[in-house]
Structures are given as C-alpha cells and as structure tokens.
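Me: I'd like to learn how to read a structure one feature at a time. Could you walk me through this one?

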Amino acid sequence: MFKRVLIANRGEIALRIMRACREMGIESVCVYSTADKDAPYLKLADRAICIGPGPAKESYLNIARLIAAAEIADVDAIHPGYGFLSERPDFSQACRDCKIEFIGPSPEAMQMLGDKVDCKKTAKANGVPVFPGSENAIEDEEEAVKVAAKIGYPVIIKASAGGGGRGMKVCHNEGTLRSQLRVASQEAMAAFGNGAVFIEKYLEHARHVEIQMLGDKHGNAIYLWERDCSLQRRHQKVIEEAPAPNIDRKRLEKVCESAAKMIVNAKYAGAATCEFLLDDKGDFYMLEVNTRVQVEHPVTEMITGVDIVKMSILIASGEKIPYKQKDIKINGHAMECRICAEDPAHGFRPSAGKIDKWETPGGPGVRLDSHVVPGYVVPSNYDSMIGKLIVHADTREQCLDRAARALREFHVGPIKTTIPLHQRLVENTDFRRGGVDIHYLERLLK
Ligand code: MV4
C-alpha cells in the first residue's frame with residue numbers, strides 16, 4: 001500500500017480523499033491555490049503545498065506544478081478527485097512518466113472510454129446498448145444525411161471529445177443537420193482541440209440512470225448498481241438517488257453485466273461510471289463513460305456499504321477488488337442534495353463570500369460531505385458547490401421525509417444557497433412519485 005498520497009484537488013472531495021487516506025494509514029499531501037490558503041481542511045492533511053494563484057489554470061489545472069509538488073513531497077501516488085485534471089489522459093501519462101501512481105485509469109483506458117466514438121464502439125462490442133447512429137466520426141455532410149435518413153429525425157450532433165452536454169446540437173430536419181454540422185465541428189475544435197463529431201438518434205423524454213463500476217488491474221470488474229440523476233439543471237445535477245425509482249431491475253442487471261464486460265475488456269482500473277438514458281419503454285442507451293470518482297458517489301456508498309474512494313486507492317496500489325459481485329447487496333435508499341452557494345430566487349446567481357452561519361443537520365441516516373466551517377469564505381474562482389447532504393433510510397418515502405427533516409435543520413447565511421430549492425423538491429409530488437425526466441426541473445423553474 002502507498003505510504004503517501006498527493007490530493008490534486010480542493011474542497012469537499014479533497015477532504016473526502018483525506019479522510020479515506022487517514023483511515024487507511026496513508027499520509028495525505030494536499031495542494032492549494034492562494035485563493036484556498038485559509039481553507040480549514042488543509043489543517044487535516046499531513047502536509048499542504050501551495051501550487052499557485054487562484055485561477056485554476058495556474059494551480060489545480062497545472063500539471064507541471066502538481067508533479068513538482070508530488071516530487072517535493074515524495075508521494076507514491078496522486079488522487080485527482082473529480083473535475084480539474086481527473087479525466088485528462090496527459091495527466092495520467094505525466095504521472096506514469098514520473099513513476100508516480102495515478103489513482104485512476106491508465107492513459108490508454110481513459111482515452112478509449114473518454115472518446116465517445118471509440119467508447120460507443122467498445123460498448124457495442126460488449127453488448128452494452130447505445131443509440132443507433134454514425135459508426136465513426138462524420139467525414140462529410142452527405143454521409144451524415146444518409147445516416148439521419150436511416151435512423152430518422154430528430155438526431156443529435158455530438159462532439160466525440162465533448163462531455164457533460166457541451167457542444168450538442170439537436171436537428172429536426174435535413175436542413176438544420178446540414179447547417180449545424182460545420183458549426184458543431186468548429187465549436188468542438190475550439191472547445192476540445194478535436195473537431196470530430198458524430199450523430200445519433202435523439203431521445204426527447206428520458207431519465208438519466210448511471211451505473212457505478214469498479215475495475216482492478218487483475219482483470220476483475222464489479223458493478224455497484226445504479227444512480228438516478230435525472231433531476232438536473234443546465235447539466236448540473238441537483239439531486240441524485242439510489243436505487244432508481246420505478247425501474248425494471250432484471251433489465252438493469254443485464255445492462256450492468258455487459259458494462260462490467262466492457263470495463264474488463266478496456267483493461268480499466270479504478271472507479272468508472274457508465275451513463276445511460278432510459279426511455280419510457282424501459283430501454284437503456286449508453287451515452288458516455290466518466291473515468292473518475294463522481295460527485296454523487298456517496299449515494300452508492302450508503303446503499304452498498306462499499307467505500308468507493310478507498311476502493312480507488314486500493315485498486316491503484318495493485319490490490320484486487322475485495323468483493324465478488326454476489327457480495328454486493330442493496331440496503332435501503334439514499335439521496336444526495338448538492339448544496340451550492342447560489343441564489344435560486346435570482347436565476348441561480350453565484351453567492352460567494354463569508355459564511356457566518358453554518359448550522360448543519362445530524363441524527364439518524366444523515367451524512368454531510370462538506371469542507372465548510374463557520375467563518376469559511378467561499379472563493380469565487382471555483383465551482384459553487386459547498387457541500388453534499390446525503391440521507392439514507394429503509395425506503396424511498398422515508399428517505400424523502402428524512403431529507404426534508406435534515407434540510408429544515410440546515411441554516412446557512414448570509415450567503416444564499418440552494419437549500420430552499422431542495423426543500424421544495426423533496427416535497428414535490430411529481431418527484432415523490434418517482435421517475436421524473438431530465439427536463440423536469442427546467443420546466444418546473446420556468
Ligand atoms: C442525449 C440526449 C438525447 N438523446 N443523447 C447531455 C449530457 C451528455 N452526457 C449527453 N446528453 C444528452 N444526450 C441522445 N441521443 C439528451 C441529453 C441530455 C441530458 C442527458 C443526461 C442528463 C441531462 C440531460 C439534459 C439535456 C440533454
């Protein structure tokens with residue numbers, strides 16, 4: 001096992017990884033930008049190293065500075081967390097070049113599953129369902145028009161290198177498809193340095209269901225079942241839950257088995273998430289694979305008892321996954337509310353600044369993953385998420401009631417937060433019924 005790990009991240013996930021390291025007897029080295037220099041979680045690390053100024057490009061996204069910090073601290077491994085450099089094959093490669101273990105997949109596995117065109121081919125080859133569409137990146141307009149005629153409109157143009165909804169275009173007819181192809185490719189080139197685009201059938205009403213996977217370096221893979229993340233706004237998830245409500249678990253199990261095969265065949269080591277859309281007929285279509293530990297991993301931890309962050313470290317150190325698929329049992333229901341420093345009453349405008357009041361919920365089945373303490377100043381440089389409230393109970397209904405109860409105990413000021421929105425959602429009858437689609441929240445807020 002590693003003696004010392006560098007955490008190439010900040011905020012709640014840096015703290016989450018630090019906690020895993022402490023329990024595993026591993027020293028943690030946390031990096032920080034000057035914008036985070038007074039962050040309280042840094043005191044919990046065995047060592048903290050400043051890597052640059054506030055802008056992420058000059059600190060958390062700067063590979064050379066992170067590697068330099070890792071060399072200075074003489075760490076065995078680097079945990080990237082989520083966001084920042086977590087899904088960059090060049091960072092995984094830089095770690096390999098410097099003989100530092102990257103806690104995540106190899107650059108090859110990350111490349112193969114990170115590129116959507118390659119990923120779809122791998123998925124298909126392993127029996128993982130995907131949307132019908134172009135087999136390869138679109139080379140010319142006529143080819144795209146032919147494929148679209150075959151699968152039928154509407155179709156969606158996506159960037160092969162894109163993710164999280166960036167650079168997508170929905171086309172309802174041949175005219176828009178023709179005109180949008182060039183635009184999409186140019187935008188993809190500008191945003192990702194790769195102009196490759198592909199098309200597939202567009203699904204209007206869908207739920208977002210994702211499967212938590214773990215693969216190790218010995219050719220084993222298991223799944224920790226699914227999360228439903230349909231409640232989102234502008235591609236930012238708001239509430240995630242597990243298990244997914246109203247779902248055919250037999251069909252889900254088949255999809256999970258295929259996804260595990262795909263992870264094995266991609267020689268994938270670490271935590272991964274396979275994202276799917278689920279239509280109203282109960283069919284699954286894989287969208288992409290996220291090659292990192294995700295924000296919402298705690299809901300899966302709560303229902304399976306598996307510590308996903310510890311697993312990611314264990315796997316990187318070369319250990320086998322200490323569970324067989326049959327050991328994974330689902331216990332109860334869990335839900336996560338992402339609490340952001342934003343004002344939901346005013347178009348979700350950012351509400352950075354000092355948090356004087358931070359009164360947090362507790363009691364049975366309540367977990368709060370947050371780096372905030374009273375007096376903490378939310379920097380304006382980064383993501384606005386200030387904590388995740390995770391609740392666990394025997395049933396979904398009890399889980400919703402517990403979430404409502406915990407949210408009532410949560411008082412934050414003077415900055416504005418999304419707590420009132422969460423209170424409204426856990427009382428919402430459509431959401432309580434289960435199975436709202438990915439456009440539900442945006443419709444509700446109109
Ligand atoms: C789609 C889709 C409908 N049909 N693909 C958005 C994020 C990216 N991972 C893929 N996304 C979508 N791909 C087809 N063929 C609708 C979306 C989509 C979406 C997906 C998941 C969660 C929220 C979403 C919100 C808008 C659109």
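Me: Which side chain does the side chain of Ser33 make a polar contact with?

Reply: Keep in mind that this is a predicted model. To read a polar contact, look for the partner and the distance. Here the side chain of Ser33 pairs with the side chain of Tyr382 at 2.5 Å.

Me: Where does Ser33 sit, and is Ser33 buried or exposed?

Reply: Ser33 belongs to strand S2, which covers residues 27–33. Ser33 counts as buried because its relative accessible area is 0%, and buried means under 20%. Setting aside neighbours within four places in sequence, the residues in contact with Ser33 are Gly52, Pro53, Gly54, Ser59, Tyr60 and Tyr382.

Me: Let's zoom out. Which domains does the assignment give?

Reply: The domain assignment lists domain 1 (4–103), domain 2 (128–201) and domain 3 (207–444). Taken over C-alpha atoms, the centres of domain 1 and domain 2 are 36 Å apart.

Me: Now helix packing. How do H1 and H10 cross?

Reply: The general idea first: a pair of packed helices is described by the angle between the axes and the distance between them. In this case, helix H1 (residues 11–23) and helix H10 (residues 308–316) have axes that come within 9 Å and cross at roughly 65°. The crossing of H1 past H10 is right-handed.

Me: Which residues make that contact?

Reply: On the H1 side they are Arg16, Ile17, Ala20, Cys21 and Glu23, and on the H10 side Val309, Lys310 and Ile313. Sorted by class, the contact of H1 with H10 has five nonpolar residues, three charged ones and no polar ones.

Me: What about a helix by itself: how many residues of H9 are buried?

Reply: Helix H9 (residues 297–304) is mostly covered, with seven of its eight residues buried. Those are His297, Pro298, Val299, Thr300, Glu301, Ile303 and Thr304. After H9 comes Gly305, with a positive phi near 75°.

Me: And H5: which residues are buried there, and what covers them?

Reply: In helix H5 (residues 116–125), the buried residues are Lys116, Val117, Cys119, Lys120, Thr122 and Ala123. Their cover includes helix H4 (107–114), S6, S8, helix H8 (249–265) and strand S13 (284–290).

Me: What do I find at the ends of H5?

Reply: At an end, check for a capping side chain and look at the backbone torsions. Asp115 caps the N-terminal end of H5, with a side-chain oxygen 3.1 Å from the backbone nitrogen of Val117. H5 is followed by Gly127, whose phi is positive, near 80°.

Me: S8 came up as part of the cover. What does Lys201 do in that strand?

Reply: Lys201 lies in strand S8 (residues 197–201). The side chain of Lys201 reaches the backbone oxygen of Tyr153 at 3.3 Å. With a relative accessibility of 25%, Lys201 counts as partly exposed. Beyond neighbours within four places in sequence, the contacts of Lys201 are Phe131, Pro132, Ile151, Gly152, Tyr153, Pro154 and Ile156. For sequence against space, take Lys201 and Ser134: 67 residues apart in sequence, 9.5 Å apart C-alpha to C-alpha.

Me: Is the peptide bond from Tyr153 to Pro154 cis or trans?

Reply: Omega is the angle to read. The bond from Tyr153 to Pro154 is cis, with omega near 0°. Pro154 is in the loop between helix H6 (141–151) and strand S6 (155–159). Another cis bond runs from Gly413 to Pro414, with omega near -5°. Pro414 is in the loop between strand S22 (411–413) and helix H12 (419–427).

Me: Last one: what is phi for Asp74 and for Trp225?

Reply: Asp74 has phi near 55°, a positive value in a residue other than glycine. Asp74 is in the loop between helix H2 (63–73) and strand S4 (77–79), and is exposed with a relative accessible area of 55%. Trp225, also not a glycine, has a positive phi of about 65°. Trp225 lies in strand S10 (residues 221–233) and is buried, at a relative accessible area of 12%.

Technical notes:
Residues numbered from 1 in each chain as written. Predicted model: local features only at pLDDT ≥ 70, side-chain atom pairs only at ≥ 80, totals over all residues. Heavy atoms only, no water. Helix = DSSP H or I, 4+ residues; strand = E, 2+ residues; numbered from the N terminus. Buried < 20%, exposed > 50% of the residue type's maximum accessible area, 1.4 Å probe, protein only. Polar contact = N/O pair within 3.5 Å; in protein donor to acceptor, adjacent residues only side chain to side chain. Contact = heavy atoms within 4.5 Å. Domains from an automatic or database assignment. Axes fitted to C-alpha atoms, helices over the stretch in contact; angles between N-to-C directions. Left-handed = near helix turned anticlockwise from the far one by under 90°. Nonpolar A, V, L, I, M, F, W, Y, C, P; charged D, E, K, R; others polar.
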